[in-house]
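Reader: I would like to go through this model with you, one topic at a time. Shall we begin?

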Amino acid sequence: MSAGMSTGMSTGMSTGMSTGRSNVIRPYGDATGDGMVQVSFTLPIAHDKRAEGAAAQLAKKMGIDPALVVHAKAMGPDFTFFVVYGRVNHLVELDKVQVFERDFPLLTAKEVNTRVRKQLRRPLVVVGACIGTDAHTVGIDAILNIKGFAGEKGLEYYDSLEVHNLGAQVSVPELVAAAGEVRADAVLVSQVVTQRDAHLHNTQEMTAAFREAFPRDRRPLIVVGGPRFDESMADELGVDRIFGKGTTPGEVASYLVSRLVKEE
Ligand code: B12
């Protein structure tokens, strides 16, 4: 189990646990602890010797020394992509690592269905979509579609959940209207494109619209997900929860039950 990971319940941000082994580590390249790392980046400059020198200079300023430009490839006439391999002297202090941990218990599909049927006594209604111009539906489909993800069935598989998957490029007004129409208990939104912070702006616009359209006690639970979200930003974005890369449907179903269905 890696530092900070947990199989049970815990709350929010936490720091890594001591394992009894060294709490200080360095990157591994050719030999343990040699500090070697590999980074890649693109510079707005045509590919020639000077460009490679520019890449080495940037890497040194980033603390990579010695810095070897091991790969350089022209990306059109005016850009070059680089891979740099070299040594950093920084240490990783495992006891100071901060991670965002799951703060609800993981339930099986059967447990989810039983809890919803017994306590809610009606289907729990979920509306999902990709909003804005984002057409990356694979992530939200992984959570919602019956075929699921990582060996787990999606939310459509759960008898106790009523799933409305609106698909790609749904506008915020459309999403708000759909959530009202089906009396959604939870709205699940996916944002994959992060260019110019589109995922953050779109999410903030969406949460503002929900706050305006619904009284506080009738507003659906708002969940966003995508591979490049910082899971600790929920308050800043006005959402109830953020799920990042590798999320499984079971985690989402368990979260919904923990927030929307009373304990027995
Ligand atoms: C497939 C793909 C496409 C397909 C999308 C098809 C489809 N129907 O989804 C197509 C070809 C259409 C496409 C188009 C574009 N793409 Co594209 N695409 C990808 C690619 C290769 C894979 C994404 C994917 O499917 N991942 C698999 C899923 C399962 O993972 P996931 O999305 O992370 O979802 C998981 C979690 O994040 C989480 N999750 C996600 N959403 C949600 C929501 C909730 C509520 C919850 C709880 C959890 C959750 O759960 C999921 C399961 O664990 C990525 C690169 C990559 N390797 O990631 C680029 C990538 C996302 N695309 C990119 C770009 C730039 C584009 C285009 C702009 C390209 C162009 N110039 O036209 C267009 C934009 C189209 C648009 N309008 O959105 C960039 C985004 C860069 C950035 N900084 O934003 C990427 C990263 C590629 C890159 N390295 O440049 N793309």
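Reader: Where does Pro 66 lie?
Author: Pro 66 lies in the loop between α1 (49–61) and β4 (67–74). Helices (H or I, at least four residues) and strands (E, at least two) are DSSP runs, numbered from the N terminus. The model is predicted: local features need pLDDT of at least 70, side-chain atom pairs count only at pLDDT 80 or more, and totals for chains, interfaces and linings use all residues. Residues are numbered from 1 along each chain as its sequence is written, and side-chain values use heavy atoms, with hydrogens and water left out.

Reader: Which residue is joined to Pro 66 by a cis peptide bond?
Author: Asp 65 is the partner in that cis bond, with omega about 0°.

Reader: What about the backbone of Arg 121; what is its phi?
Author: Arg 121 has a positive phi of about 60°, although it is not a glycine. This residue belongs to the loop between α2 and β8.

Reader: In what order do the strands of the open sheet run?
Author: The five strands follow the order β9-β8-β10-β11-β12, with parallel pairing; two strands pair if DSSP finds at least two bridges between them. β9 (161–165) and β12 (241–243) stand at the edges with a single partner strand each, so one side of each has no neighbour in the sheet.

Reader: How many bridges join β8 to β9?
Author: Five bridges join β8 (residues 124–130) to β9. Among the residues involved, Val 127 has His 164 in β9 as its bridge partner.

Reader: Last topic: how do α2 and α7 cross?
Author: The axes of α2 (residues 109–120) and α7 (residues 249–260) come within 10 Å and cross at roughly 25°. Axes are lines fitted to C-alpha atoms, for helices over the stretch in contact, and angles run from 0 to 180 degrees between N-to-C directions.
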